Amino acid sequence: MERLLVVGLGNPIYGDDGFGSCLAQFLSSTNPFVLDGNAHGIGVLGNLADYDVLIFVDVDARLPPGAVAVERIEGSLTVAETRLVDAHRTPPSLLVGYLRAMGRNPKAYLIAVGPKRVEPLSPPSEEVLNASHIVLSELRAKLAEFGYELKIDGDVKKGVEECFRRVLRA
């Protein structure tokens with residue numbers, strides 16, 4: 001069986017941007033192959049190097065609010081892209097590009113949700129929260145392709161909302 005890792009990305013302080021991180025926090029308690037990458041950006045790279053398959057969950061501003069898309073990440077790395085790196089906002093494609101530059105060649109996928117709001121200290125939008133079940137369905141399907149099963153303990157939407165409440169309360 002191929003080694004697989006699901007990585008949730010984003011910063012819950014910025015509303016919908018934190019969806020991937022909060023979903024990963026919820027799922028990681030029952031699924032050892034799920035990692036909360038939060039907004040660690042390039043800092044998460046060391047955690048990815050030993051995997052054959054990477055599935056990222058993140059927002060994509062090109063999508064309408066609450067829309068879900070699944071795509072294969074080809075990942076490339078150019079000198080120009082390395083100059084654009086924000087240590088905390090590194091897109092999955094650039095992370096995969098770095099891995100490929102390091103001689104790794106994982107199969108990589110993105111399950112993306114369109115955000116409605118990404119302002120500082122804003123709560124998640126209903127559109128993104130309501131997309132939780134669609135994201136789970138897509139994630140289950142992708143995991144099944146590689147022989148993995150997702151275990152869920154509780155209501156995903158409530159779990160994601162609780163993550164945002166913890167962060168925004170602090």
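I count two residues as in contact when heavy atoms lie within 4.5 Å. This is a predicted model, where local features need pLDDT of at least 70 and side-chain atom pairs pLDDT 80 or more, while totals for chains, interfaces and linings use all residues. Residues are numbered from 1 along each chain as its sequence is written, and side-chain values use heavy atoms, with hydrogens and water left out.

**Entry 1, a lysine.** I looked up K142, which sits in helix α6. My helices (H or I, at least four residues) and strands (E, at least two) are DSSP runs, numbered from the N terminus. Is K142 buried or exposed? K142 is buried, at a relative accessible area of 12%; buried means under 20%, exposed over 50% and partly exposed in between, with a 1.4 Å probe and protein chains only. Leaving aside neighbours within four places in sequence, I found K142 in contact with I55, V70 and Y109.

I then searched for nonpolar cores, meaning sets of buried Ala, Val, Leu, Ile, Met, Phe, Trp, Tyr and Cys residues joined through side-chain atoms within 4.5 Å. The largest has 31 residues, and L4, V6, F19, L23, I55 and L143 have the most contacts inside it. Elements that give two or more residues to this core include β1 (4-9), β3 (53-59), β5 (107-113) and α7 (156-169). Helix α1 gives the most, with six residues. Apart from this core lies another, of 19 residues, A49, L54, L63 and L99 among them.

Beyond its neighbours within four places in sequence, F19 is in contact with V57, V59, V113, V128, S132, V135, V160 and F164.

I searched the whole structure for disulfides (cysteine sulfur atoms within 2.5 Å) and found one. The bond joins C22 to C163, with S to S at 2.1 Å. The link of C22 and C163 is left-handed, with -65° about the S-S bond. Because C22 lies in helix α1 and C163 in helix α7, the pair ties together parts that are 141 residues apart in sequence. Both C22 and C163 are buried.

How many of the ten residues of helix α4 are buried? I get seven, so this helix (residues 92-101) is largely enclosed by the rest of the structure. The buried ones are P92, L94, L95, V96, G97, Y98 and L99. Just after α4, G103 takes a positive phi of about 90°.

I finished with V118, in the loop between β5 and α5. V118 is partly exposed, with a relative accessible area of 41%.
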